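User: I'm new to reading protein models. Could you walk me through this one?

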Amino acid sequence: MSFKEQLLKEVEGSELNFECLTKFIEDENIPVFNAALAQGINGLATKEAIYIDVLRTIRNLGIDKLFFVIAHEIGHYKRNINLTQEEVLDNIVKNDYRAYVNYVMNEEIFADRYGRMVFRLLNGKNFPADRTQQLEKESYRHVYSKRLEGTYTYIKDRIKTQDDYQHELKNFVTHVR
Ligand SMILES: [Zn+2]
């Protein structure tokens, strides 16, 4: 079953415009996969594809949030495809912790805005700002950057080459459905 078929089956009865969202994905030729993701993440975007843990997102966060997560990851993907593989790697293995945090923070703020924009355009209503990461707020930025300290150390130790990067990605995407 295609991602579209799987998704529409899972969200059957929702008043949100998933038909339009899947049409957008098809029209833009974005490879999206329904996957089991590790480390509690709901979605993941690389330069090549988007992976969404449809079932867990619905179970833990609901169908509205799933719509937002898909749109959010499309935002990341659309930025990533303009980069070379070297630039992608470069962005996540920045030598400087602050540069890394700045990069991630800006990407997340962008993707949240993009996600809310797509949600509003396709559904004619707002996705509540307080259900996003709210990284415009200093207190949320603080908590998030604390969390990124661990991620930064993890990445710095393990990812040095394209092969390392691909290998780590495989650890996150445990199973494509
Ligand atoms: Zn994100």
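Analyst: Let's start with a term we'll need: a residue counts as buried if 20 or more other C-beta atoms lie within 10 Å of its own. Keep in mind, too, that this is a predicted model.

User: What percentage of the 177 residues is buried?

Analyst: Apply that cut-off of 20 or more C-beta atoms within 10 Å to each residue. Across the 177 residues of the protein, the buried share comes to 23%.

User: Which elements does the protein have, and in what order do they run?

Analyst: The protein has eight helices and four strands. Reading from the N terminus, the order is α-α-β-β-β-α-α-α-α-α-α-β.

User: What radius of gyration does the protein have, and why compare it with a compact globule?

Analyst: The C-alpha atoms fill a box of roughly 45 × 35 × 30 Å along the principal axes. A compact globule of 177 residues would have a radius of gyration near 16 Å, so that is the number to check against. The protein agrees with it, at 16 Å.

User: How do helix 3 and helix 4 pack, roughly perpendicular or oblique?

Analyst: Helix 3 covers residues 54-61 and helix 4 covers residues 63-80, with their axes 7 Å apart and at an angle of about 135°. That angle makes helix 3 to helix 4 oblique.

User: Which residues in helix 4 meet helix 3, and what kinds of residue make up the contact?

Analyst: From helix 3 come Val54, Thr57, Ile58 and Leu61, and they meet Ile63, Lys65, Leu66 and Val69 in helix 4. By kind, the residues of this contact are six nonpolar, one polar and one charged.

Methods: Residues numbered from 1 in each chain as written. Predicted model: local features only at pLDDT ≥ 70, side-chain atom pairs only at ≥ 80, totals over all residues. Axes fitted to C-alpha atoms, helices over the stretch in contact; angles between N-to-C directions. Helix = DSSP H or I, 4+ residues; strand = E, 2+ residues; numbered from the N terminus. Parallel < 35°, antiparallel > 145°, perpendicular 65-115°, else oblique. Contact = placed C-beta atoms within 7 Å. Nonpolar A, V, L, I, M, F, W, Y, C, P; charged D, E, K, R; others polar. Rg over C-alpha atoms; globule rule 2.2 N^0.38 Å. Buried ≥ 20, exposed ≤ 12 C-beta atoms within 10 Å, placed from the backbone.
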